[in-house]
Amino acid sequence: MMNLILRPRRNRVSAAVRGLVCETELSPAHFILPLFVHEGKNHRVAIKSMPEQFRLSRDLIVKECREAAKLGISAVALFPALAEKLKDKTATESLNPNGLLQQTVKAIKDAVPEIAVITDVAMDPYSSDGHDGYVNENGEIENDRTVEILCGMSIAQAQAGADIVAPSDMMDGRIGAIRRALDENGFINTGILAYSAKYASAFYGPFRDALDSAPKSGDKKTYQMNPANSREAIREVQLDVAEGADMVMVKPALPYLDIIRAIREAVNVPVAAYNVSGEYAMIKAAAANGWLDEKKCMLEALLSIRRAGADVILTYFAKQAARELQR
Ligand code: PBG
């Protein structure tokens with residue numbers, strides 16, 4: 001027998017004791033379910049690179065929201081897939097009160113008012129260039145012109161009933177400008193979830209397939225962050241908080257757990273993390289091959305994002321995980 005006073009394993013002897021000392025909780029209340037909406041009725045198209053995820057028409061989105069609310073999920077994040085002919089250089093369609101996104105927000109708020117609706121503020125779904133910002137004659141993304149467009153887009157979304165707008169474009173100064181625009185139009189209670197530390201990541205690939213929204217030329221590196229940087233993430237987050245962000249986000253999540261932790265320690269607003277399409281696809285693909293236990297890996301990945309310091313997780317696993325957690 002070893003002469004050991006300290007035996008950490010005593011805190012792991014049984015399920016009861018392990019439960020007692022568990023440091024991190026996973027709950028559907030902290031999940032946001034991202035949803036892809038397209039035109040039509042009772043129309044559902046599978047997304048090849050994201051098994052079990054679909055582009056859905058408005059009526060099916062409402063159904064999905066009802067189910068999510070029943071599972072205890074607090075919010076959905078909407079992403080519209082638009083016909084190519086509705087896209088132009090200035091994202092005009094994003095302002096249309098009768099447009100796809102605005103009408104979907106209304107339909108959800110009418111039918112399932114208890115679920116929070118979060119809308120994406122960025123030009124890419126509406127842009128003929130496939131960029132989050134305005135592309136000028138020289139092929140440059142113009143910051144200030146883009147911010148003006150984003151302010152209009154935010155107002156249109158708030159008008160439709162969005163609870164929280166989520167600028168995902170990474171332009172400078174957009175949080176302050178959007179906050180002012182919302183307030184001037186009477187939307188003082190519409191929240192802002194800022195995609196503050198959004199990296200130029202290859203893990204967004206499946207999402208761009210889902211929306212057909214890949215940039216037509218160039219890449220997003222003049223606005224999205226370099227994966228090599230972490231101090232810059234803190235700077236971005238601090239600016240967004242100073243400009244009025246109610247919550248900040250790190251994206252992607254799993255390859256950036258260190259960033260989530262650093263931001264958790266740097267600011268006091270809630271921190272969200274986006275478990276992006278590529279992270280989802282990796283687990284699904286490995287599980288489909290029989291290489292990983294899908295359920296266990298999903299829950300471990302989500303738990304790890306919470307442990308790193310995220311309060312809120314955007315994840316395509318939201319419903320599946322919520323079901324597991326109910327058992
Ligand atoms: C674009 C946007 C992207 C995602 C959410 N909003 C893609 C991009 O920046 O190219 C990615 C989400 C995911 O991969 O799950 N405004």
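1. Glu52 counts as exposed because its relative accessibility is 54%. Here buried means under 20% relative accessible area, exposed over 50%, and partly exposed in between (1.4 Å probe, protein chains only). Glu52 forms a salt bridge with Lys284, with the closest N and O atoms 3.3 Å apart. A salt bridge is a side-chain nitrogen of Lys or Arg within 4 Å of a carboxyl oxygen of Asp or Glu. The pair links distant parts of the chain, 232 residues apart: Glu52 is in the loop between β2 (44–46) and β3 (54–56), and Lys284 is in helix α9 (residues 277–288). Helices (H or I, at least four residues) and strands (E, at least two) are DSSP runs, numbered from the N terminus. Lys284 counts as buried, at 3% relative accessibility.

2. On provenance: this is a predicted model, in which local features need pLDDT of at least 70 and side-chain atom pairs count only at pLDDT 80 or more, while totals for chains, interfaces and linings use all residues. Residues are numbered from 1 along each chain as its sequence is written, and side-chain values use heavy atoms, with hydrogens and water left out.

3. The salt-bridge count comes to 22. One of them joins Arg174 and Asp169, at 3.1 Å from N to O. Arg174 is buried at 1% relative accessibility. Asp169 is buried too, with a relative accessible area of 0%.

4. Arg264 and Asp311 also meet in a salt bridge, at 2.6 Å from N to O. Arg264 lies in helix α8 and Asp311 in the loop between α10 (294–308) and β12 (312–315), so the pair ties together parts that are 47 residues apart in sequence. Asp311 is partly exposed, with a relative accessible area of 25%. Elsewhere, salt bridges link Glu64, Glu67, Lys319 and Arg323 in a network.

5. Now helix α7 (residues 231–243). Its 13 residues should span 18 Å at 1.5 Å a residue, and its end C-alpha atoms are 19 Å apart, which agrees. The expected span is 1.5 Å times one less than the number of residues. Ala233, Glu236, Val237 and Asp240 of α7 are buried. Seen down the axis, the buried residues of α7 fall within an arc of 95°, so they line one face of the helix. That arc is taken from the directions from the helix axis to the C-beta atoms.

6. What covers that buried face? The cover for the buried residues of α7 includes α5 (174–184), β9 (191–198), β10 (247–251) and α8 (257–266). Contact here means heavy atoms within 4.5 Å. On the other side of α7, Arg231, Arg235 and Ala242 are exposed. Just after α7, Gly244 takes a positive phi of about 115°.

7. The whole structure holds 9 aromatic pairs. The rings of Phe36 and Tyr316 are stacked, because their centres are 6.0 Å apart and their planes at 15°. Rings of Phe, Tyr and Trp (its six-membered ring) pair if their centres lie within 6.5 Å; planes under 30 degrees apart count as stacked, over 60 as edge-to-face and the rest as tilted. Phe36 is in strand β1 (residues 31–37) and Tyr316 in the loop between β12 and α11 (318–326), so the pair ties together parts that are 280 residues apart in sequence. Phe36 is buried at 2% relative accessibility, and Tyr316 is buried with a relative accessible area of 4%.
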